[in-house]
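User: I'm new to this one. Could you walk me through how to read what surrounds a ligand, and then what a cavity is?

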Amino acid sequence: MTKRRVYLGTNTKMYKSIAQTCSFLKELSELTAGLSREHLELFVIPSYTALEAARKAAPPSIIKLGAQNMAWLDEGPLTGEISPLMLREVGVEIVEIGHSERRHIFREDLETIRKKVLCAARHGFTVLLCVGETTEEKEAGCMDDALRIQLKSALHGLSPEYLSRLWVAYEPVWAIGENGTPASREYAEARHKALRETLCQLFGQGAAEVVPLLYGGSVNSENAVGLIGMDHIDGLFIGRSAWDARRFSAIIRDVLDSVYR
Ligand code: PGA
């Protein structure tokens with residue numbers, strides 16, 4: 001199945017200063033400037049403090065910019081949170097919601113994530129919803145049930161008109177970070193298939209097919225091409241292996257070469 005487009009991006013988590021983010025973005029945009037954006041959606045999700053400078057460092061036509069989280073209210077007494085209006089002000093286009101670190105370290109529950117998804121959609125952001133099963137759920141064989149619950153709950157009440165701005169990242173908790181083991185491409189493909197089927201149940205076949213499904217969790221230069229070669233994997237959401245612009249651009253080239261050669 002030929003892919004219309006490949007989605008490749010990184011979340012820099014709590015790494016990189018403002019200056020480091022800007023030099024990363026400048027280098028990445030230079031290294032990828034020659035690649036047609038017809039088939040490539042490239043995005044970077046830096047820290048909040050770097051967002052404004054980041055917007056000036058790379059044009060949106062080359063690199064889309066995202067935020068790592070967002071509150072569910074436009075304003076209010078929510079100390080430490082960030083409003084959708086504030087993100088709009090600095091030119092953010094994508095909002096990442098429900099990353100494993102938010103769910104598991106900061107205890108964001110299904111209802112919190114749902115409220116954030118609906119709010120981000122209403123504000124016109126592209127919503128990058130992250131879902132993923134824990135080691136225990138995998139070992140118990142209920143990974144697809146866990147994914148269905150996370151997906152159905154997060155999208156409950158979402159009007160289909162927002163589907164064209166929904167991306168879903170499948171990131172198994174056990175695959176993320178230095179102690180993680182990447183999912184095999186067959187395993188990831190099976191989970192993506194379950195997610196696609198759930199989207200079909202919720203919104204119908206045609207609508208569900210427009211939602212890109214990205215895999216994340218220890219993606220690197222060795223496994224990226226294999227993963228993107230799977231039918232239901234439309235993109236890769238990369239952490240550590242993308243934080244060096246040269247390394248990331250080499251992965252981007254390999255992936256594009258493998259899909260569109
Ligand atoms: P990783 O991070 O590629 O470093 O495992 C993935 C993520 O947290 O999205």
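**Around the ligand**

Analyst: The shell around the ligand splits into two nonpolar, five polar and three charged residues. Here Ala, Val, Leu, Ile, Met, Phe, Trp, Tyr, Cys and Pro count as nonpolar, Asp, Glu, Lys and Arg as charged, and the others, Gly among them, as polar. This is a predicted model: local features need pLDDT of at least 70, side-chain atom pairs count only at pLDDT 80 or more, and totals for chains, interfaces and linings use all residues. Residues are numbered from 1 along each chain as its sequence is written, and side-chain values use heavy atoms, with hydrogens and water left out.

User: Which residues surround the ligand?

Analyst: A residue is near a molecule if one of its heavy atoms lies within 4 Å of it. Here that gives K13, H99, E171, A175, I176, G177, G217, S218, G239 and R240.

User: How do I read polar contacts?

Analyst: Look for a pair of N or O atoms within 3.5 Å. An N or O atom in the side chain of H99 sits 2.8 Å from a ligand oxygen. From the backbone, an N or O atom of S218 is 2.8 Å from a ligand oxygen, and a polar atom of G239 is 2.9 Å from one. The protein buries 99% of the 280 Å² that the ligand exposes when taken alone (accessible areas: Shrake-Rupley method, 1.4 Å probe).

User: And what lines the largest cavity?

Analyst: A cavity is a set of points on a 1 Å grid over the protein atoms alone where a 1.4 Å probe fits but cannot get out, and lining residues have an atom within 4 Å of a point. The lining here is G98, H99, S100, R103, H104, C130, V131, G132, Q150, E171 and V173.

Definitions and conventions
On a 1 Å grid over the protein atoms alone, a cavity is a set of points where a 1.4 Å probe fits but cannot get out, and a pocket is an open set with protein on both sides within 12 Å along at least five of seven lines; lining residues have an atom within 4 Å of a point. A polar contact is a pair of N or O atoms within 3.5 Å; within protein, one must be able to donate a hydrogen and the other to accept it, and residues adjacent in sequence count only if both atoms are side-chain atoms.
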